[in-house]
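The sequence and the structure are shown first.

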Amino acid sequence: MKIYVDAFSGEEIVSDSFNMEEKFEGVIGEVQSQDIVKGAINVDVGAGGHFGGKNEDEEEGGVEDQAQKVNNIIDAFKYAETQFTKADYVTYFKAYAKKVKAYLEANKPDRVASFQKGAGEFIKWVSSNFNDLQFYCPESYDMENHIVLGYYKEGQASPTFVYILDGLKEVKM
């Protein structure tokens, strides 16, 4: 399994256990999330009350089910939603893109031209879709590093998350 971590903070952002589609010259990766049920699940193994289960004669009641519906990616990587105005996001992205470009020049010089082209296409896409986007910071709330975008594709009940791939490092687990 591979974990993608922020190239600057080392914080876990996403893993390869989710199918990722690349866009904008490979600068952006999109992952479709799902809502899942997390928590208590009642499993009847057919042994009645012998292993702490309820006998058929017992009345309904007892422990309340603690199951809750969560988004699989938000829950796994502990994203927290944050807010940006369009101007604030553009300012953030320019500074972040500058950091990523410097990182690429030092570590992957062959990616610089593709990154610059794809980043330009991406920020145009963000500007034209801004009102449909949600913004998430990773668990540390570090607002200077990787910010994850989310949006709902037509017909989807859960958001698609958008990652700046050139700002991530792959770590094999």
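Is F18 buried or exposed? With a relative accessible area of 15%, F18 is buried, where buried means under 20% relative accessible area, exposed over 50% and partly exposed in between (1.4 Å probe, protein chains only).

The model is predicted, so local features need pLDDT of at least 70 and side-chain atom pairs count only at pLDDT 80 or more, while totals for chains, interfaces and linings use all residues. Residues are numbered from 1 along each chain as its sequence is written, and side-chain values use heavy atoms, with hydrogens and water left out.

**Overall architecture**

The chain contains three helices and 11 strands; helices (H or I, at least four residues) and strands (E, at least two) are DSSP runs numbered from the N terminus. Their order along the sequence is β-β-β-β-β-β-α-β-α-α-β-β-β-β. Of the 173 residues, 39% count as buried. Among contacts (heavy atoms within 4.5 Å) with a separation of 6 or more, 71% join residues 24 or more positions apart.

Three strands form an open sheet in the order 2-1-11, with antiparallel pairing; two strands pair if DSSP finds at least two bridges between them. Strand 2 (12-15) and strand 11 (168-172) are the edge strands, and because each has a single partner strand, one side of each is left without a neighbour in the sheet. From one strand to the next the twist averages 35 degrees, with axes taken as lines fitted to C-alpha atoms and angles running from 0 to 180 degrees between N-to-C directions.

Strand 1 (residues 2-6) is joined to strand 2 by three bridges, and I3 stands opposite S15. S15 counts as buried at 2% relative accessibility. Its side chain makes a polar contact (N or O atoms within 3.5 Å, one able to donate a hydrogen and the other to accept it) with the side chain of S17, at 2.6 Å. Beyond its neighbours within four places in sequence, S15 is in contact with M1, K2, I3, Y4 and F77.

**Aromatic pairs**

The structure holds 20 aromatic pairs. Rings of Phe, Tyr and Trp (its six-membered ring) pair if their centres lie within 6.5 Å, and planes under 30 degrees apart count as stacked, over 60 as edge-to-face and the rest as tilted. Two edge-to-face pairs are listed below.

| Pair | Centre to centre | Angle between planes |
|---|---|---|
| F18 and F77 | 6.3 Å | 65 degrees |
| Y79 and F161 | 5.7 Å | 75 degrees |

F18 lies in the loop between strand 2 and strand 3 (20-23) and F77 in helix 1 (residues 72-77), so their pair ties together parts 59 residues apart in sequence. F77 is buried at 9% relative accessibility. The other pair links Y79, in the loop between helix 1 and strand 7 (80-82), to F161 in strand 10 (residues 160-164), 82 residues apart. Y79 is buried at 7%, and F161 is buried at 0%.

**Strand 10**

Five of the five residues of strand 10 are buried. T160, V162 and I164 point one way, and F161 and Y163 point the other way. Strand 10 pairs in the antiparallel sense with strand 4 (residues 28-32) over five bridges, and G29 stands opposite Y163. Strand 9 (residues 148-151) also pairs with strand 10 in the antiparallel sense, over three bridges, and Y151 stands opposite T160.
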